[in-house]
Amino acid sequence: MSQRESRSVEGADAPDAPLMTHRQIMLVLAGLMIAMFLSSLSQTVVGTSMRTIADDLQGLDLQVWVVTAFLIVSTIVTPIYGKLSDIFGRRPLFLIAIVLFLLGSILSSFAQDMIQLAAFRAIQGLGAGGLMSLPLTIMADVLSPRERAKYQGYFLAVFGVSSILGPLIGGVLAGADRILFLEGWRWVFLVNLPIGVAALTMVWRFLHLPAHHERVRIDWWGAALLAIGVVPLLLVAEQGREWGWASPAAIACYVVGVLGIVAFIAVERRMGDAALIPLHLFGSSTFSMATVLGVFTGFGMFAGMMMIPFVLQIVHGMNPTEAGLATLPMILGLMIASIASGQIVARTGRYRFFPVVGLAIMAVAYGVLVTLRFDSPLWVLLLGQLLLGLGLGQLMQTLTIASQNAVQPKDMGVATSAATFFRQLGGTAGVAVVFSMLFARLPETLQTAFGRQDLRTDLAAAMQDPAVLADPGNERILDVLQHPERIGGALNEDSSFLNTADPRLAAPFLDGFSNATSGPFWVALAVVGVALVLSFFFKAPPLRQKSAMEEAMAERAAQAQLEADASAPGSVAPPVTTSSIPVVRPARRILSRLPGSPPTLYPGAAQTGRTPTDQGG
């Protein structure tokens, strides 16, 4: 930790006042890590136990709504948290996010069907939107970009640890029949409570950042129009297979979504700096490209992370705990790549090559996953996971740091939340698209599998075996096989009959499901391939040397000095420079009125936020 980051933030208007001490910063980071652990643990616990939950609530084909409801809501509210935190401060918004998340967790634990569970997960998503973006914003407040890279690596390591513990906890809880008079899977949501209370305590006691209150308009119209534009398009991505892609309902979603997005852009242009997502942020080519790559990365990340547990449990017959352990290669790759890339960025300040290398490795990973068949050895799937983790670990923090480095301190919250929003938007679209493709292709691939001569021969032999017919474990699959018209939708609601079935009876179902997953993996490969091509055009300006709080304090001090000098009778205010902050527009107007005042900014500094002294950083 540099001396610059070990001073206190109190007295933001006094340049000589100390910033936060090292101990204060570490306590704040500990609170942020607990909150991020809470959010990421919830996703991994639910992910590996979802099949058990869906089977118990009789709605395997509805499980995508549980996932997309959470992701859609958390995606929509993410930029709202960022904007409001810029206005009212990070602490109150962070506390609200934790409380909403815990409320959604309690409600989810008492859901009686999949529709209720989706609704309660949406409430949980109201809080998750803040838990996803505000920790990264607060880190930008207290740490410089190079220091931030090192600590964000540890934050992703926390995500990795939660991803290891989550499947294990989820497997143990979902595998228990009852715990304290409740079904075991309901404790998948209740386990969030002690962690949430710890996060609330740490944030309440130690997170005391200065809030820069401003009298600005809140862009409620922008928030409403964003929801109107995004939700119908995500809805049709999920339901298009049921409605028909050219059905009246689908066309209505297309029209409403497009009109909502057009109206949103018009409102954001009119709101200017008060916009929910200020359009001037996209004046930076770095921010714009990082945003586009974030969308594609989110698609590729969620497509793999949501599909792989289903392949492990249905095709390879694993229970939730075993499937959780089988995801360790992906988590290991993620941790290795994130910590290593963070250390390299912190030491060298260079990050240009990480998006290119990360996306290339992700493309290779999906190249491996598309080759999977139901009888492929498990190590092929484990290799694909490892490569996917190694690619993601180089992308997530790098793109966030690039977005933060491209904007001014006053936009730090909205820029971070916007980057998170677009990544979540890509992820939400990815989940909707891949599961829509999966269940749309499943009847066709099952029919093809039952037409394979080798599988039909084994199936016929098994159905003539008295021992197979007498085994109670085969009762449910035999019932399905006796009604051929039910085979196409046999896996839509409850796939647990495969767990106890004779391998020869289950083989056609496993082959059909495995072949159905290849389509989503091909789509993810195409998306990652497009992102890889775009990454070669990604520009990476040098990282700034100061934290957002230091820059904001220096900026306000410079403005105050300029205004004082300009108001003095007969005086000529000298240019006041800071090490990494451009003079903001009011200060430029003052300077422009003073005779003989030289320009203080080199060309392009308004976009990059650096002065000539920082070009070597």
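User: Which hand does the crossing of helix 10 and helix 15 have?

Analyst: This is a predicted model, where local features need pLDDT of at least 70, side-chain atom pairs count only at pLDDT 80 or more, and totals for chains, interfaces and linings use all residues. Residues are numbered from 1 along each chain as its sequence is written, and side-chain values use heavy atoms, with hydrogens and water left out. Helices are DSSP runs of H or I with at least four residues, numbered from the N terminus. A crossing is left-handed if the near helix is turned anticlockwise from the far one by less than a right angle, and right-handed if clockwise; for helix 10 and helix 15 the crossing is right-handed.

User: How are the axes of helix 10 and helix 15 set, and what is that arrangement called?

Analyst: Axes are lines fitted to C-alpha atoms over the stretch in contact, with angles from 0 to 180 degrees between N-to-C directions. Those of helix 10 (residues 285-315) and helix 15 (residues 412-450) come within 7 Å and cross at roughly 40 degrees. Angles under 35 degrees count as roughly parallel, over 145 as roughly antiparallel, 65 to 115 as roughly perpendicular and the rest as oblique. Helix 10 is therefore oblique to helix 15.

User: What span should helix 9 have, and how far apart are its end C-alpha atoms?

Analyst: The expected span is 1.5 Å times one less than the number of residues. Helix 9 (residues 248-271) has 24 residues, so it should span 34 Å. This agrees with its end C-alpha atoms, which are 34 Å apart.

User: Which residues of helix 9 are buried?

Analyst: Buried means under 20% relative accessible area, exposed over 50%, and partly exposed in between (1.4 Å probe, protein chains only). An α-helix has 3.6 residues a turn, so residues three or four places apart point the same way. The buried residues of helix 9 are A250, C253, G257, G260, F264, E268 and M271.

User: Which salt bridge of R504 links distant parts of the chain?

Analyst: R504 pairs with D502 at 3.1 Å. Another R504 salt bridge, at 3.6 Å from N to O, is with D465. R504 lies in helix 20 and its partner in the loop between helix 16 and helix 17, 39 residues apart. The distant link is R504 with D465.

Conventions
Helices (H or I, at least four residues) and strands (E, at least two) are DSSP runs, numbered from the N terminus. A salt bridge is a side-chain nitrogen of Lys or Arg within 4 Å of a carboxyl oxygen of Asp or Glu.
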